[in-house]
Amino acid sequence: MFGRSRKPAIKKKYARKVPSVMALKQHPIHPMLVVFPIAFLGTVFLSDVAYVLLRDVFWARVSFWLNLAGFGMGVVAGLVGVGDFLSLREIRAHVSAWSHFIAAVLLLALAAAGVWLRWPDPVAAIWPWGLLLSGVTALVVMVVGWLGGTLSFRHGVGVYGEKPPAPDAGEDAPAAE
Ligand code: HEM
């Protein structure tokens, strides 16, 4: 009435959808890949604890291979994430995208340090530095995953179903209908 819009008010914190560029048939590839570094790097700490408690060399080997595979898959997943980050200005407008990026680089640096530490002798590496490193790595995995979740579930990054926003649309642009 009297020229007022009948569009429902959308709270700013629930922003519109931002379809991913690095996608297969609109399904974003980065979330398909991040499960590997999250699972692998989050589990190194558990196999380190298993080695410390059981003194079975098997667990030291498990830690080494999880650390190596987590680093490799983390690099692959990170490169795909960087593809979306660089392609879409609307992603880079979010503080959580930059925090996620910085935390992910820290995570990959910790994973690389773990591989470097364990490579010469996976058993000797565990106590104390390997265990400390895998504990810190597991915490950083949680931070990276949380910030990635903020991008996807709060800011709608990677969610498809709408036309991409205009190139000059800022964070405060109205939601697409
Ligand atoms: C190993 C490192 C990384 C992990 C573990 C990780 C984890 C995640 C998670 C859990 C999500 C939410 C998606 C979901 O829950 O299914 C996400 C989304 C996202 N991440 Fe990462 N991430 C990593 C590296 C990076 C890097 C280096 C970038 C580049 C800036 C990046 C950019 C993004 C973007 C743009 C999204 C939104 C969804 C999409 O566009 O695919 N990520 N990430």
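How many nonpolar, polar and charged residues does the shell around the ligand have?

1. The shell has 15 nonpolar, 11 polar and 1 charged residues. Here Ala, Val, Leu, Ile, Met, Phe, Trp, Tyr, Cys and Pro count as nonpolar, Asp, Glu, Lys and Arg as charged, and the others, Gly among them, as polar.

2. This is a predicted model, in which local features need pLDDT of at least 70 and side-chain atom pairs count only at pLDDT 80 or more, while totals for chains, interfaces and linings use all residues. Residues are numbered from 1 along each chain as its sequence is written.

3. The protein has 5 helices and 2 strands, in the order β-β-α-α-α-α-α from the N terminus. Helices (H or I, at least four residues) and strands (E, at least two) are DSSP runs, numbered from the N terminus.

4. Of the 27 residues around the ligand, Pro31, Gly81, Ala104, Gly148 and Gly158 come nearest. Two or more shell residues are given by each of helix H1 (30-54), helix H2 (57-87), helix H4 (95-118) and helix H5 (126-154). H2 supplies the largest share, 7 residues. A residue is near a molecule if its C-beta atom, placed from the backbone, lies within 6 Å of it.

5. Leucine 41 is part of helix H1. Leucine 41 counts as buried because it has 27 C-beta neighbours inside 10 Å; the cut-off is 20 or more other C-beta atoms within 10 Å of its own, with C-beta atoms placed from the backbone. Of the 177 residues in the protein, 34% are buried.

6. The C-alpha atoms of leucine 41 and alanine 138 are separated by 6.5 Å, although the two residues are 97 residues apart along the chain.

Key:
A residue is buried if 20 or more other C-beta atoms lie within 10 Å of its own, exposed if 12 or fewer, and partly exposed in between; C-beta atoms are placed from the backbone.
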